[in-house]
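Thanks for coming, everyone. Please bring the structure up on your screens, and we will walk through it together.

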Amino acid sequence: MAIGAIGVVYGDIGTSPLYAFKEAARAAAHGGTIAPAQVLGVVSLILWALILIISLKYALLILRADNRGEGGIVALLALLSARNAQPGTWRAQLLIVGLIGAALLYGDGAITPAISVLSAIEGLKVDAPSLAPAVVPITIVILLVLFFMQKKGTGFMGRIFGPVMLVWFLVLALLGIHGILMAPEILAALSPTCALDMLLHGDFHISFAILGATFLAVTGGEAMYADMGHFGRFPIRLAWFAVCLPALVLNYFGQGALLIADPSAVDNPFFQLSPDWAHYPLVALSAVATVIASQAIISGVYSLTQQAIQLGFLPRMHIRHTTSDAIGQIYVPLVNWLLAAATLGAVLGFGTSDALAGAYGIAVSLLMVITTFLAALVALKWGYSPFIVVAVNGFFFLIDATFFAANVPKLSDGGWFPLLLAGAVAFLMLTWRDGVRLVERARAKLRQPEEDLIETALTKCHARLPGTTIFLASAPRGVPLALTQFVKHNHVLHERVLLVTVQIEEQPRVPEELRADVSELLPGITRVLLHYGFMQYPTIYEGLKLVCRQGKLPGIDLSNVTYYIGRETIIPREDVPGMWVWRESLFAFLQRNAERSAAFFGVPTTQVVEFGTEIEI
C-alpha cells in the first residue's frame, strides 16, 4: 500500500523539483547572479516548508480529520454537516467555503499536467537548445495521448505507478547526493536561520516573491489527505517519511549545492545536476513521472466529480466504470475533455514552465487555507480544547495565509487562470445546489401526502392490475409525482407498488446490511429507501436485487417489473420567488442536459416509462 501511495499520492509533489527550486532561485537572484547565502536561504526555506506544511500539518494533523477513513474537502463538509444546512446559517456559509475549496481542485487539475509535462520536456534544451521550438508540440502530443487513454481505464498504469515513482524518488536522491558532494557547505541550510535571515534582511518584495516560488515545492501535498481513503493513514505516512521526504530533501540540497559551485546553472539546475550521459534518459524518466503525476490529479478530479454529483452539488453526468473489480476506476467523459481543453489551453497560452509557475500555486495555497480552517472546526466539534485548536491550527493557518499572500501577486502573471476555472465551477455548484432546492420546494407543493394513498387506492383506482411496478421518488416521504400522474390518467394501480428513493449519506460507504429500509405503507404499497455513501455508485437495480436476496421483498421478479420515472421540465419564472431568472435559466439548461435518471441510477432501459411534469421556479 505504501508503494502504491508513492505512485498515486506523491506524483505531483514528487515532480516539483523539476521547477520549484529553479523558480525560487530565480526570484532570489532577481535578475542577477545568485549568491551562496541566497542559495542557502532558498534551500532552507524549501526544507522547512516541507517539514511544517507537509510533515507536521498534513501527515500528522490533517490526516486525523477523517470521515470513516476518507479525507478531502467533501469529507470535511460531511463531518461538519454542512450539506443540508438551512440558508442563512453559519453552516450554510461553510458549505460555500467548502465548495470553493473543492472547485479549486479543478483549477489545480488543469495546471498540474501542463506545468509538470512541460518542465520535463524542457530538459531537452539543456543539451540541444535547437529543440526549444519542439518543446510545446511534444508536450501537447503527450497530454493528448494521456487524455485519450482515460476512456481505456488506468488499471494497467495504476499497477506500474508505484514501482516507477519509486525509481524516480531513488534517482532524485542519487542526483541530490551527487550534487551535495560538489559543495558540502550546503548542509548549513538545515538550520532555519538561513531562511529567516534571507527573508527578514532582504527586500520585502523579493522575499515575498521567494515565498511565492518556494510554495511550488509543497504543491501536491494536499493529495495526502484527498487520497487517504484509497491507501490508509499509515501507508501514506510511511511512504512520505521513509521515501519521499528524504529523496526530495536530498535533491533540493543537491540543486542548491550545484548553484553554489556554478551559479550559471540557475536556468535549469535539475537537469544540469545529472551527468552529461544521463540527460536524455533523465528527460525520458521525467516525462514518465510527470505523466503519472498528471494521471493522479486527473483521477482525483473524476473522484471529486462523482462525490459532488452524489451529494447534489453538480448535475448528473455519465460516469463509466473502466474495470469491474475496482470501484474507484471511473471515467467521466465530459470532465475529461473540459479538463483537457483547459490544460492544453494553459500550455499554448503560457508556453513555458516559467510562465506557468506564475499561474501555479495560488489555487493550492487558498485550498490549504480553507482545509486548515475547516479541520479546526472539525477538531472543535470533536471536543478538543479550544485553546489547543486555536494554538495549533492557528499556527498552521498563519503559515498557509502567508504563503497565500505571497502568491497573490501572481494574479497578474497568470494566477487568474486557475482561479477563473475554480470560480466558474464553484458558481455552477452553487447554482445547481440552489436550483435543486427550489425544485424540491416546488415538488413538495405538488406532492400528495402519504395519507392520500388510501383515498387514491380505494376511490380513484377502478382496478388493480396484476404484476409489480416501481416508482422512483426523489423524497423519502409523500407520493411521487409520477404515481399521482399515473393514477390521474389511468385510474388503475398495480397489485404491488414499490416507491423507491435513493439517499446519499454523509459517510463514504454504507455496508450492504444497512443498504435498505423497507416499510409497508398500505397492503401492496411498499416504500424502499436505498442508502449509499458518497463514494459509492447508487445503482437501483443492484440495490433492489440485494434487498430481494435479503428476503425483504419476497415474490418479486425484477426482470418483469416496470419502472415509472418522472422527467421534469424546469420553467424559470420572475413572479416565483427564487434565484435571479438568468441563474434559473442556467439551472434549467444544466437540468435538461444532465444524465437521465434511469441511466444514472442503473435502471434497465427496456423497463422504463417516463412521465413528463412541468415545474415552475
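Let's start with the second largest cavity: its lining has 6 nonpolar, 2 polar and 1 charged residues. Here Ala, Val, Leu, Ile, Met, Phe, Trp, Tyr, Cys and Pro count as nonpolar, Asp, Glu, Lys and Arg as charged, and the others, Gly among them, as polar.

Before going on, a word on the model. It is predicted, so local features need pLDDT of at least 70 and side-chain atom pairs count only at pLDDT 80 or more, while totals for chains, interfaces and linings use all residues. Residues are numbered from 1 along each chain as its sequence is written, and side-chain values use heavy atoms, with hydrogens and water left out.

What is a cavity here? On a 1 Å grid over the protein atoms alone, it is a set of points where a 1.4 Å probe fits but cannot get out, and lining residues have an atom within 4 Å of a point. Points are joined across faces, edges and corners, and a volume is the space filled by probe spheres set on the points.

Back to the second largest cavity. Its volume is about 80 Å³. Among the residues lining it are Tyr58, Gly72, Glu222 and Thr371. Helices (H or I, at least four residues) and strands (E, at least two) are DSSP runs, numbered from the N terminus.

How many cavities of 30 Å³ or more are there in the whole structure? The search finds 4. Which helix gives the largest share of the lining? H16 does, with 8 residues.

H16 takes us to serine 286, which lies in that helix. Is serine 286 buried or exposed? Buried, because its relative accessibility is 0%. The cut-offs are under 20% relative accessible area for buried, over 50% for exposed, and partly exposed in between, with a 1.4 Å probe and protein chains only. Beyond neighbours within four places in sequence, serine 286 is in contact (heavy atoms within 4.5 Å) with Leu18, Ala120, Trp168, Phe270 and Phe271.

Now isoleucine 111, in helix H6. At 0% relative accessibility, isoleucine 111 is also buried. With neighbours within four places set aside, its contacts include Ala346, Tyr360 and Pro418.

Last stop, the sheet. It is open, with 6 strands in the order E5-E6-E4-E3-E7-E8 and mixed pairing. Two strands pair if DSSP finds at least two bridges between them. From one strand to the next, the twist averages 25°. Angles run from 0 to 180 degrees between N-to-C directions, and axes are lines fitted to C-alpha atoms, for helices over the stretch in contact.

Strand E3 (residues 463-472) and strand E4 (residues 492-505) run parallel, joined by 8 bridges. Isoleucine 470 stands opposite leucine 498 in E4. Helix H21 (residues 416-446) packs on the sheet, touching E7 (561-571) and E8, and its direction makes about 100° with that of E8. Helix H24 (residues 540-549) lies across E3, E4, E5, E6 and E7, at about 115° to E6.

Key:
On a 1 Å grid over the protein atoms alone, a cavity is a set of points where a 1.4 Å probe fits but cannot get out, and a pocket is an open set with protein on both sides within 12 Å along at least five of seven lines; lining residues have an atom within 4 Å of a point.
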